[in-house]
Amino acid sequence: MTGFLSMPHLPPVENTWAAPAISTVVALVLVVVVTAVVRSARESTRTPDGFLLADRNVPTTQNTLAHLGAFIMYSTVIIMVGHISLNGFDAILMVTAFTIGSVLGVLIYAGPMRNVGGHTIGDLFVLRARERPARIASAVITLTTYTMFMVSMLAAVGQVAIRMFDTGSEPNMLLGGLVVVVVGLVVIAWVYMGGMLGVTRMLALKTVLMAAFVLVLTVVVLAKYKMNILGLLDDAQANAKPDARGFELLEPGRQFGEGSTPLSDQDPWVHASKLFCIAVGGMGMPWVFMRFYVATNARAARQSAGWASVIAVGFYQCLAVLGLGAVAILGANNFGMRSEHRDITLPKLADELGGPWLAGIFGGLALISVAAVFAGLLINGVTSFTKDVNAARGRRPEPAAELKEIRRNVLVIGLVSLVVGGAMVPLFTHIFIPTVVDLGAATVLPAILYTLYWSRFNTRGLKWTVYGGMAVTVFMIVFSNGVSGDPTTAMFPELNFKLFDIEPGLLSTPIAFLLGYIGTVTSSERNDAGFAELQVRAFTGATVPGRKTTVAAGGADGQDRGSQTPTAV
């Protein structure tokens, strides 16, 4: 549970690279620019579909950049560079799992999710199961992942503030909390003003700026070695942190070899499980699916996801150069030498190559980058709460009333999130990101595959898949090394009641598939006509008029369901 996506507590460290004044000015300038960008989209927020999905008319280029921007986070840029500096070859190998996950998104999710044409994954589930259980399952998945990711993103805002907006060696939690509140309020205002189109443009802008910064820094690193990559690798190997087991930086073993996981004999499976969960769970985030819903059509959705995957390959290659370049240029003992210090490597490299100005620009950009991800999360949570919860309660508000409710939900959910997330900033929340990835693998993937491709799938199968996969995942997390048994990064490092060191998704995903199968075949509910309708809609984009279809009595919950009405979305 403590892979490179984790974000441990911030131990004391000399913030010699920090340029608070420059970072503050850059952040304020970017806030003004982003606000102007968001305000340019306010005309799209006149209707519920316009506010939540930009009327499904986001251009492919913008959607591609926003799709990529959803994955450019504190952990996948700053933490990753530090991880590569420490673990070299094995850390770079793990990065490939992200690109595999992106390809799965193109092949499995993009086209069908856009063709179904809904607002949430509940609009897909409802074509195979009764509406209320389907909507509740969708809301549980979406809001659970939203809450965990939201807490992590707000914690990341605080970490950026502590590392890049303060020069003190001790973490300034007061400053971090204050910045979290200010940034959170600004993000709520952005989402309220611009809706989905504003969030999309914000993510696209953030992607361009962050990619440009990473590209420029990569070019500077390579130029320092006159484009001689072999010389860079030689220096990186010479300056690498020594490994007690004898594994070299540029050879396999530092992360995958025996003895990599504290107090464990499960190492080969630990790292196989991390690769598996990132590959199959990374694209299983409901808030990532929003990028499919807003595309103009299924082809555009596939193109957006596909181009985002291609660009991501180049982006991650740049991060690999920066990670190894930091070791080569900063020299031995001058980069983040402990896993708890992985987040200092990239800002130190920026300071070394460009001085306070470059480090200050990076600080402001990093803050806005994390804020943009929080905005994407917020509008996804609002969409699920508005659409899924209303549908589960049988409410169908008029468009004008629904729009008011959406705006109110932005404020309420945003402020509640800010209170909850802000209160948890000082706590150990690093476990949430890998947990969300595991849940994506163990709940979203099997539920969507069964829904799209198995004609027998029904309400009980959906519930057993979602809640069974979630229960197994949570149980394994409680007894994982993310909670106890790891003296450096566990939530309770002084305790050891762990049973698992592997990522739960490696086991909970096949168990969820099995539970979904058992739940389905033990229920007499069946809706072949609904499956036929789903196939037409998911794979052609054609809308089949809503109709009444007979479903076998004594279905998923032993209740009489004489009819089920798949409704055109």
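**A helical chain and its local contacts**

Met 227 counts as exposed, at 58% relative accessibility. Exposed here means over 50% relative accessible area, buried means under 20%, and partly exposed covers the values in between (1.4 Å probe, protein chains only). The model is predicted: local features need pLDDT of at least 70, side-chain atom pairs count only at pLDDT 80 or more, and totals for chains, interfaces and linings use all residues. Residues are numbered from 1 along each chain as its sequence is written, and side-chain values use heavy atoms, with hydrogens and water left out.

Met 227 sits in the loop between α7 and α8. Its phi is positive, at about 65 degrees, although Met 227 is not a glycine. Lys 226 lies in the loop between α7 and α8 (229-239) as well. Lys 226 is also not a glycine, yet has a positive phi of about 55 degrees. Most residues other than glycine have a negative phi. Lys 226 is exposed, with a relative accessible area of 76%.

The protein chain as a whole has 17 helices and two strands. These are DSSP runs numbered from the N terminus: helices are H or I with at least four residues, and strands are E with at least two. Of the 569 residues in the protein chain, 61% are buried. The accessible surface comes to about 20,200 Å², and carbon and sulfur atoms hold 66% of that area. Areas come from the Shrake-Rupley method with a 1.4 Å probe; for residues, only the protein chains shown count as cover. Contact means heavy atoms within 4.5 Å. Among contacts between residues at least 6 apart in sequence, 80% join residues at least 24 apart.

Helix α3 (residues 60-69) packs on helix α7 (residues 173-224). The angle is about 70 degrees, and the axes are 7 Å apart. That angle makes α3 roughly perpendicular to α7. Angles under 35 degrees count as roughly parallel, over 145 as roughly antiparallel, 65 to 115 as roughly perpendicular and the rest as oblique. Axes are lines fitted to C-alpha atoms, for helices over the stretch in contact, and angles run from 0 to 180 degrees between N-to-C directions.

On the α3 side, the contact is made by Gln 62, Leu 65, Ala 66, Leu 68 and Gly 69. Their partners in α7 are Leu 197, Thr 200, Arg 201, Leu 203, Ala 204, Lys 206, Thr 207 and Val 208. By class, this contact has seven nonpolar, four polar and two charged residues. Ala, Val, Leu, Ile, Met, Phe, Trp, Tyr, Cys and Pro count as nonpolar; Asp, Glu, Lys and Arg count as charged; the others, Gly among them, count as polar.

Asn 63 also lies in α3. Asn 63 is buried, with a relative accessible area of 1%. Beyond its neighbours within four places in sequence, Asn 63 is in contact with Val 58, Arg 291, Val 294, Ala 295 and Ser 304.

Thr 76 belongs to helix α4 (residues 74-116). Thr 76 is buried, at 1% relative accessible area. A polar atom of the Thr 76 side chain lies 2.5 Å from the backbone oxygen of Phe 71. The Thr 76 side chain also reaches the backbone nitrogen of Met 73, at 2.8 Å.

Trp 454 lies in the loop between α14 (432-453) and α15 (459-478). Trp 454 and Arg 128 are 326 residues apart in sequence, but 9.8 Å apart in space, C-alpha to C-alpha. Leaving aside neighbours within four places in sequence, Trp 454 is in contact with residues including Arg 128, Gly 516, Tyr 517 and Phe 531.

Technical notes: A polar contact is a pair of N or O atoms within 3.5 Å; within protein, one must be able to donate a hydrogen and the other to accept it, and residues adjacent in sequence count only if both atoms are side-chain atoms.
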